[in-house]
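Reader: I'm new to reading protein models. Could you walk me through one, feature by feature?

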Amino acid sequence: TEETENDLKTMQDLTSVMQALLQQIQDKFQTTMSSWITGRTDDLRSHIGDLDRSTTDLMTRAGVEELDGENKIPAPQKS
């Protein structure tokens, strides 16, 4: 019947609208999360750089040098 066809058309239209809305929500979520993750990664990179500089400064003040990346030896004493 015509009423059934109209109901079916209305349901198809509603489904299309809902799919488009859900796609917009997903796109916005992905964009927001991507920006947030990038920002957090940049923050962490900055903090790691600060920590590395602080560690190097403390080692220098303590008279310790780095050798072969892991073994620490006392720095030569300056007279």
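Reader: Which residues form a nonpolar patch on the surface here?

Author: A patch is built from residues with over 30% relative accessible area and no salt bridge; nonpolar side chains (Val, Leu, Ile, Met, Phe, Trp, Tyr) are joined within 5 Å, and like charges within 9 Å. In this case M11, L14, M18, L21, L22 and I25 make up the nonpolar patch, and together they have about 580 Å² of accessible area. Areas like that come from the Shrake-Rupley method with a 1.4 Å probe, and for residues only the protein chains shown count as cover.

Reader: Take L14: where does it lie, and what does it count as by accessibility?

Author: Buried means under 20% relative accessible area, exposed means over 50%, and partly exposed is in between (1.4 Å probe, protein chains only). L14 lies in helix α1, and it counts as partly exposed because its relative accessibility is 47%.

Reader: Before we go on, what kind of model is this?

Author: It's a predicted model: local features need pLDDT of at least 70, side-chain atom pairs count only at pLDDT 80 or more, and totals for chains, interfaces and linings use all residues. Residues are numbered from 1 along each chain as its sequence is written, and side-chain values use heavy atoms, with hydrogens and water left out.

Reader: How do I read the secondary structure, and how many helices and strands does the protein chain have?

Author: Helices (H or I, at least four residues) and strands (E, at least two) are DSSP runs, numbered from the N terminus. The protein chain has 1 helix and 2 strands, in the order α-β-β from the N terminus on.

Reader: What span does helix α1 reach?

Author: The expected span of a helix is 1.5 Å times one less than its number of residues. Helix α1 covers residues 2-62, which is 61 residues, and its first and last C-alpha are 89 Å apart, close to the 90 Å expected. Just after α1 comes G63, with a positive phi of about 75 degrees.

Reader: How many salt bridges does the count come to?

Author: Side chains of opposite charge can pair when their charged atoms come close. The rule asks for a side-chain nitrogen of Lys or Arg within 4 Å of a carboxyl oxygen of Asp or Glu, and the count comes to 5 salt bridges. Among them is R40 with D43, where the closest N and O atoms are 3.8 Å apart. R45 and D42 also pair, at 3.0 Å from N to O, and so do R53 and D50, at 2.4 Å.

Reader: Why are R40 and D43 separated by about one helical turn?

Author: Because they are 3 residues apart in helix α1. R45 and D42 are also 3 residues apart in α1, and R53 and D50 have that spacing in the helix too.

Reader: Where is confidence lowest, and where is it highest?

Author: pLDDT is the predictor's confidence in each residue, from 0 to 100. The chain averages 86, and 81% of the residues score at least 70. Confidence is lowest in strand β2 (residues 71-74), with a mean of 55, and highest in α1, at 94. Where pLDDT is low, the predicted coordinates should not be read in detail.
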